[in-house]
Amino acid sequence: MDSRESQRPRLHFSPKKNWINAPNGLIFHGGYYHLFFQHNPFENKWGHMSWGHARSKDLITWEEL
């Protein structure tokens with residue numbers, strides 16, 4: 001982990017960039033855990049709200065969809 005990533009948790013989901021609110025759903029379907037969360041894809045602060053979606057097979061490695 002480089003210094004630019006020092007504020008990101010190591011074993012908790014966080015998006016690749018910008019602001020995230022608390023996760024709102026975690027389900028297991030089709031061999032993957034699916035996580036849904038409120039997200040501002042444009043800025044690193046509260047504002048524009050979109051839904052984010054990520055999936056994982058092991059709850060450690062996540063793929064943003």
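Visitor: Which residue lies over the face of Tyr32, at 3.9 Å from the ring centre?
Guide: This is a predicted model. The ring of Tyr32 has the charged end of Lys57 over it, 4.5 Å from its centre. The residue at 3.9 Å from the ring centre is Arg55.

Visitor: Which residue forms a salt bridge with Arg55?
Guide: Arg55 counts as partly exposed, at 24% relative accessibility. The closest N and O atoms of its salt bridge are 2.8 Å apart. The partner is Glu63.

Visitor: Is Glu63 buried or partly exposed?
Guide: Buried means under 20% relative accessible area, and exposed means over 50%. The relative accessible area of Glu63 is 37%. Glu63 is therefore partly exposed.

Visitor: How many salt bridges does a search of the whole structure find?
Guide: One of them joins Glu63 and Arg55. Glu43 also forms a salt bridge, with Lys45, and the closest N and O atoms there are 3.5 Å apart. For the whole structure, the search finds two.

Visitor: What is the relative accessible area of Lys45?
Guide: Lys45 forms a salt bridge with Glu43. Glu43 is partly exposed, with a relative accessible area of 38%. Lys45 is partly exposed, and its value is 47%.

Visitor: How far apart in space are Lys17 and Glu43, C-alpha to C-alpha?
Guide: Lys17 lies in the segment before E1. Lys17 counts as exposed, at 54% relative accessibility. In sequence, Lys17 and Glu43 are 26 residues apart. In space, C-alpha to C-alpha, the distance is 8.4 Å.

Visitor: What pattern does the chain follow, read along the sequence?
Guide: The chain has zero helices. It has four strands. Read along the sequence, the pattern is β-β-β-β.

Visitor: Which strands stand at the edges of the sheet?
Guide: The four strands form an open sheet with antiparallel pairing. Their order is E1-E2-E3-E4. An edge strand here has a single partner strand, so one of its sides is left without a neighbour in the sheet. The edge strands are E1 and E4.

Visitor: Over how many bridges do E1 and E2 pair?
Guide: Strand E1 covers residues 19-29, and strand E2 covers residues 32-40. Leu26 has Leu35 as its bridge partner in E2. Ile27 has His34 as its bridge partner there. The two strands pair in the antiparallel sense, and the number of bridges is eight.

Visitor: Which residue takes a positive phi near 60 degrees in the hairpin of E1 and E2?
Guide: The hairpin has two residues between the strands. The residue with the positive phi is Gly30.

Visitor: Where does Leu59 lie?
Guide: Most residues other than glycine have a negative phi. Phi of Leu59 is near 65 degrees, a positive value. Leu59 is partly exposed, with a relative accessible area of 36%. Its place is in the loop between E3 and E4.

Visitor: Is Asn18 buried or exposed?
Guide: Asn18 lies in the segment before E1. Asn18 is not a glycine, yet it has a positive phi of about 75 degrees. The cut-off for buried is under 20%. At a relative accessible area of 18%, Asn18 is therefore buried.

Visitor: How many aromatic pairs does a search of the whole structure find, and which residue pairs with Phe13 at 5.5 Å centre to centre?
Guide: The search finds three aromatic pairs. The pair with Phe13 is edge-to-face, with 70 degrees between the planes. This pair links distant parts of the chain, 49 residues apart: Phe13 is in the segment before E1, and its partner is in the loop between E3 and strand E4. The partner is Trp62.

Visitor: What accessible area do Ile27, Phe36 and Trp51 have together?
Guide: These residues form a nonpolar patch on the surface. Trp51 lies in strand E3. Trp51 is exposed, with a relative accessible area of 59%. Together, the patch has about 330 Å².

Conventions: Residues are numbered from 1 along each chain as its sequence is written. This is a predicted model: local features need pLDDT of at least 70, side-chain atom pairs count only at pLDDT 80 or more; totals for chains, interfaces and linings use all residues. Side-chain values use heavy atoms; hydrogens and water are left out. A salt bridge is a side-chain nitrogen of Lys or Arg within 4 Å of a carboxyl oxygen of Asp or Glu. Buried means under 20% relative accessible area, exposed over 50%, partly exposed in between (1.4 Å probe, protein chains only). Patches are made of residues with over 30% relative accessible area and no salt bridge: like charges are joined within 9 Å, nonpolar side chains (Val, Leu, Ile, Met, Phe, Trp, Tyr) within 5 Å. Accessible areas come from the Shrake-Rupley method with a 1.4 Å probe; for residues, only the protein chains shown count as cover. Two strands pair if DSSP finds at least two bridges between them. Rings of Phe, Tyr and Trp (its six-membered ring) pair if their centres lie within 6.5 Å; planes under 30 degrees apart count as stacked, over 60 as edge-to-face and the rest as tilted. A charge sits over a ring if NZ of Lys or CZ of Arg is within 6 Å of the ring centre and within 35 degrees of the ring normal.
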